[in-house]
Amino acid sequence: MAVNLKELSKKEELLASGHSLCSGCAAPIVVRQVLKAVEGKPIITNSTGCLEVATSIYPFTAWRTPWIHTAFENAAANASGIAAMLKVYEKRGELKERPHVIAFSGDGGTFDIGFQALSGAFERGHNYLHVLYDNEAYMNTGIQRSGGTPHGAWTTTSQTGKAVPGKQEWKKPIARIMVEHNAPYVATVSPAYWQDLITKVRKGLAVDGPAFIHAIAPCPRGWRTPSNESVELARLAVQTCIFPLWECENGDYKLSAPSMPYVKRPERKKPIIDYLKAQGRFRHLFRPERPEIIERIQKHVDKEWGIILKRAGLT
Amino acid sequence: MSVTQKVEGLNGDEAVAYAVKQCNVDLVAAYPITPQTIIVEKLSEYVSNGEVDLEFVTVESEHSAMSACIGAAAVGGRIFTATASAGLALMHEMNYVAASHRLPIVMAVCNRALSGPINIHVDHSDSMGERDSSWLQIFSENPQEVYDNMIQAYRIAEDSSVQLPCMVLLDGFVVSHTMQDVAVLSDEVVNEFVGRRKLPFINIMGKSVPYKLDVENPLTMGPLALYDYYFEHKRQQEEAMKNAKDVIVKMNDEFARLTGRKIGDGLIQPHRMEDADMALICLGSTAGTTRTVVNELRRKGVRVGLVKVRSFRPFPAREIIDAVKGVKAVGVLDRSGAYGAVGGPLFNEIRSTLYDCDERPFVVDYIYGLGGRDMHPTLIKEVYDDLERIVKSGTVKQTLKFVGVR
């Protein structure tokens, strides 16, 4: 099905306005795009995190679709139970149509504390879509570093002092790790490229088994960026190739259209310094300028980009 | 007139699995954490042989087991899981969530000691860690009671006035691995007794909808509730616990009409308490050994009695006060420690309860059997002797004692 803006605009918003996520937060943009891609209403399980606390403050709810929250580390396990029970109903012929099951987790609930449950659910092959909205730190609890925080970034637990300039470790390649679970569908998405995002969500929902979508979700509060630049940053992440867009169906990697220009014309790939300069969390790399760190990050970006190109058969 | 039953040789684990097979359970999610019980292995065998039609989810941890159970129960399923010891401790976070989501999941817990040192044998330290989680806790003395408690558990947990999860507890090895003749009902009789899970209806913006995740009637479950609403949610759980007391009593009677078997009034089971001067109060399999000792001492003319607590949550305070009326000294047998506390968890409940007696008896805590240390009849007799000395001397020098420890 073609992704048609006119058609999409007619579909009911399943995440209502009036939630209390920060202005400029990319998480609800990602969620609304994901929900636009779904036919009908999905059952959602949501890890503890920004999205959860800001959309379900009792006695109100922003969700116009069945939604459950139970804990931080277990959205995948919770989704397993939901999906398995729906299978029971389906087997008994008690369902007109099996609803889709979607788990939303932040980077903490995916890269770190939620990883065991995620890995288990994918090994067992439950039929659900896991969406990671990655704002690259524990934003809900006050900007602490996670396994998804990029190298060099300031957080409240990777401070920028004389001895240590921000986070010293590299970001975990979570989407590739999920591919190695033999997942039938894995993709990376950016809310700046909504057509690509919606197409991928539809593919993920269509497969029989677990699918994983990794969305970059800029956070003005934690990234120290103006609230009107989140979508631009989500675009810049793709343009600098620090967050290439790709998909992998049954082990076959394919680079996605928004990332293609940088293969055909590598000179169009923007330098990582543009991305770093735009964010307050990397400010310490410029006062005074720390070219050795910036260069180190650039090299890492190039290396990771090379891995994707190689897997997509483009080198 | 009770229905026809057949006798099967079952250990406690098998009695659980046998009951689950008959209770129209939709889904089981479980994990074989050390120490594993054979409950889920037996269930897996039933599933493989096509003897039961349920979805069996073999998760990667006990935390995920309870998380999956919560998800499946939230879409309306009747759910079972089993665990023990460290597994129950790993579930701790999710146990509170299951209860606050008001999901009537049933879980068999083979009581086993918590690490460390690591140990696989019986004591009650694991389930005592969950005593404030708002799960019902029904203790079983032997495999027969395990079977009977399991079948009643779904009716109690799913009662519209309760809607709380329920643990059925059985002592590790002593009950879980010990075979007994167990009178079992036919599948049809149990199917009819437990029926299918009936969902409660709740009012959402003027519309009555079933309490489940349902695309027809979207609900938000597990929202954030801060100081303005959290307290009210928790207060309702206390009400449900209170209601559960009546339901447990009612179910005990209904089950007795069906099978001819009854465990006291459902909450406690007193033995030779009519004119007792000294009484012991305990949980689980130790009640069986204690009963034997009571009978022996009674033959010698010693006025001793026993109160077995079947329902630890909800706690039957009023019933215990009535049962120990006239008793001069009460000994509490605690199979778990409470380091730095006044006494073990059962003792603290009992002594607090007995504060409301018109004539308060002496109350002494006897910690016993940690890590599976045997509670031999001679040790129980020593405890009764100790109580007799207290009654004779009219003083208690020490309220916390340890039995059978070097």
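This is a predicted model: local features need pLDDT of at least 70, side-chain atom pairs count only at pLDDT 80 or more; totals for chains, interfaces and linings use all residues.
1. On the interface between the chains: 34 residues of chain B are in contact with 35 residues of chain A. On the chain B side, the elements that give two or more residues are β2 (27–30), β3 (55–58), α3 (62–74), α4 (85–100) and β11 (220–221). Of these, α3(B) gives the most, with nine residues. By residue class, the chain B side that touches chain A divides into 21 nonpolar, eight polar and five charged residues.

2. Strand pairing also links the chains. Strand β2 of chain A, residues 67–68, is joined to β11(B) by two bridges, and the two strands run parallel. Within this pairing, A:I68 has B:M221 of β11(B) as its bridge partner. The strand β11(B) is also among the elements giving two or more residues to the side of chain B that touches chain A.

3. Next, a helix pair within chain B. Two packed helices are described by the angle between their axes and the distance between the axes. For α6 (residues 143–158) and α7 (residues 187–194) of chain B, the angle is about 25 degrees and the axes are 9 Å apart. Angles under 35 degrees count as roughly parallel, so α6(B) and α7(B) are roughly parallel to each other. The crossing of α6(B) past α7(B) is right-handed.

4. Which residues of α6(B) and α7(B) meet? From α6(B) they are B:I151, B:Y154 and B:R155, and from α7(B) they are B:V190, B:F193 and B:V194. The residues of this contact between α6(B) and α7(B) comprise five nonpolar, no polar and one charged.

5. Some backbone geometry deserves a check. Most residues other than glycine have a negative phi, and most peptide bonds are trans. Two cis bonds can be listed here. In chain A, the peptide bond from A:R287 to A:P288 is cis, with omega near -5 degrees; A:P288 is placed in the loop between α12 (272–277) and α13 (291–311) of chain A. In chain B, the bond from B:S115 to B:G116 is cis, with omega near -5 degrees. B:G116 belongs to the loop between β5 (106–111) and α5 (125–128) of chain B.

6. Positive phi values come next. A:R224, not a glycine, has a positive phi of about 60 degrees. A:R224 lies in the loop between α9 (220–223) and α10 (230–239) of chain A, and because it has 16 C-beta neighbours inside 10 Å, A:R224 counts as partly exposed.

7. In chain B, the phi of B:Q163 is positive, near 50 degrees, and this residue is other than glycine. B:Q163 is found in the loop between α6 and β7 (166–171) of chain B. Is B:Q163 buried or exposed? With 21 C-beta neighbours inside 10 Å, B:Q163 counts as buried.

Conventions: Residues are numbered from 1 along each chain as its sequence is written. Chains are lettered from A and ligands numbered from 1 in the order in which they are written. Two residues are in contact if their C-beta atoms, placed from the backbone, lie within 7 Å. Helices (H or I, at least four residues) and strands (E, at least two) are DSSP runs, numbered from the N terminus. Ala, Val, Leu, Ile, Met, Phe, Trp, Tyr, Cys and Pro count as nonpolar, Asp, Glu, Lys and Arg as charged, and the others, Gly among them, as polar. Two strands pair if DSSP finds at least two bridges between them. Axes are lines fitted to C-alpha atoms, for helices over the stretch in contact, and angles run from 0 to 180 degrees between N-to-C directions. Angles under 35 degrees count as roughly parallel, over 145 as roughly antiparallel, 65 to 115 as roughly perpendicular and the rest as oblique. A crossing is left-handed if the near helix is turned anticlockwise from the far one by less than a right angle, and right-handed if clockwise. A residue is buried if 20 or more other C-beta atoms lie within 10 Å of its own, exposed if 12 or fewer, and partly exposed in between; C-beta atoms are placed from the backbone.
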